[in-house]
Amino acid sequence: MQHDTDSFPAMPSDRSEPSGASPDVSLVEAALAATDDYLESAAASGRSVAAARRGRREWLIRTVLMVGGLCFAQIGVSLFVLTAIGSEPYTVFTQGLSVVFGYSIGLCHLAVTSLFLAFFVVFARRYILPGTFAGTFFAGPFLDMYTWLFGGIVTAGLATPIRLGLAVLGCVIIGIGLSLIIRADAGMGPNDLVPVFTAEKLRCQYRWVKITFDSVLVATGFVLGGVVGVGTVLSVVLVGPVAQFFFPTIDRLVGAVLARTGCAAA
């Protein structure tokens with residue numbers, strides 16, 4: 001999944017890299033250690049004050065909400081894949097890899113995002129938050145699960161108007177899920193961090209790096225065999241506005257969940 005990073009707290013650029021975790025430290029503990037390191041630097045720099053005040057319980061709740069958003073959004077992505085009408089850039093790319101290597105799209109998604117995660121673990125750990133792990137390990141399996149569940153109902157053989165309607169529905173579903181992913185504010189998936197990292201290193205505007213990154217994904221995916229079509233255009237045009245439309249509703253939902261679980265809403 002791709003999304004607008006302007007809704008996330010800015011990552012401080014003046015922090016030191018956290019020390020590597022010992023082999024017996026679990027993945028959850030490593031994620032929490034990275035979170036603690038970010039909180040300390042955020043507090044020291046005076047940026048992302050609300051995030052710096054979060055405790056581990058609030059980070060856990062926000063990460064769970066993000067996973068819920070991922071789970072819901074992948075329903076929409078599966079509709080794009082099954083109708084063969086074109087998908088958003090990252091899915092076009094992983095779909096192309098699926099054609100070349102013969103593995104499922106979800107498995108290819110997991111493999112590529114895991115490589116991106118490994119890059120950030122080695123070279124830029126300050127970007128990693130709990131949501132980064134969620135974005136790595138949940139999105140692909142969710143996509144495979146939904147394509148399996150809906151595969152006998154939603155197919156490329158449906159009438160074109162029905163496929164177009166399902167593509168629009170997919171945009172709405174992705175937009176709602178994306179709204180929850182963003183407003184949960186638990187971090188970004190590795191694929192979303194790539195243009196953020198690149199823009200910072202090259203000192204370029206994020207929008208131009210994002211456009212270039214998406215264009216490379218679409219072009220490469222298309223050459224490899226991914227489907228580019230009206231669904232790709234619809235995802236670019238509709239998903240962002242739908243997500244923004246649902247921001248107020250999702251803000252109330254996140255606030256209510258945080259309040260009910262004893263966490264202060266940001």
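Modeller: Let's start with a term: buried means under 20% relative accessible area, exposed means over 50%, and partly exposed is in between (1.4 Å probe, protein chains only).

Colleague: OK, and what kind of model is this?
Modeller: It's a predicted model, where local features need pLDDT of at least 70 and side-chain atom pairs count only at pLDDT 80 or more, while totals for chains, interfaces and linings use all residues. Residues are numbered from 1 along each chain as its sequence is written, and side-chain values use heavy atoms, with hydrogens and water left out.

Colleague: Is Thr 83 buried or exposed?
Modeller: Thr 83 has a relative accessible area of 0%, so it is buried. Thr 83 is part of helix 3; helices here are DSSP runs (H or I, at least four residues), numbered from the N terminus.

Colleague: What does the side chain of Thr 83 reach?
Modeller: The backbone oxygen of Phe 80, at 3.3 Å. That's a polar contact: a pair of N or O atoms within 3.5 Å, where within protein one must be able to donate a hydrogen and the other to accept it, and residues adjacent in sequence count only if both atoms are side-chain atoms.

Colleague: And which residues is Thr 83 in contact with, leaving aside neighbours within four places in sequence?
Modeller: Val 154, Thr 155, Ala 156, Arg 163 and Leu 166. Contact means heavy atoms within 4.5 Å.

Colleague: New topic: which residues touch the most other members in the largest nonpolar core?
Modeller: Leu 65, Met 66, Leu 70 and Val 254, out of 23 residues in that core. A nonpolar core is a set of buried Ala, Val, Leu, Ile, Met, Phe, Trp, Tyr and Cys residues joined through side-chain atoms within 4.5 Å.

Colleague: Which helix gives the most to this core?
Modeller: Helix 3, with eight residues. One of the core's residues, Leu 65, is in contact with Leu 180, Ala 184, Val 254 and Val 257, leaving aside neighbours within four places in sequence.

Colleague: What else lies apart from that core?
Modeller: Another core, of 21 residues, including Phe 133, Leu 193, Phe 197 and Phe 213. Leu 193 is in helix 9 (residues 190-202), and it counts as buried because its relative accessibility is 0%. Not counting residues up to four places away in sequence, Leu 193 touches Phe 120, Tyr 127, Thr 132 and Met 188.

Colleague: How many aromatic pairs does the structure hold?
Modeller: Nine. Rings of Phe, Tyr and Trp (its six-membered ring) pair if their centres lie within 6.5 Å; planes under 30 degrees apart count as stacked, over 60 as edge-to-face and the rest as tilted. Tyr 127 and Phe 197 make an edge-to-face pair, 5.7 Å centre to centre with 75° between the planes. These two are 70 residues apart, with Tyr 127 in the loop between helix 5 (105-123) and helix 6 (130-137) and Phe 197 in helix 9.

Colleague: How about Tyr 146 and Phe 150?
Modeller: Their ring centres are 5.9 Å apart and their planes are at 10°, so that pair is stacked. Both lie in helix 7, four residues apart, about one turn of the helix.

Colleague: Last one: is Arg 203 buried or exposed?
Modeller: Arg 203 is exposed, with a relative accessible area of 79%. Its phi is near 55°, a positive value in a residue other than glycine.
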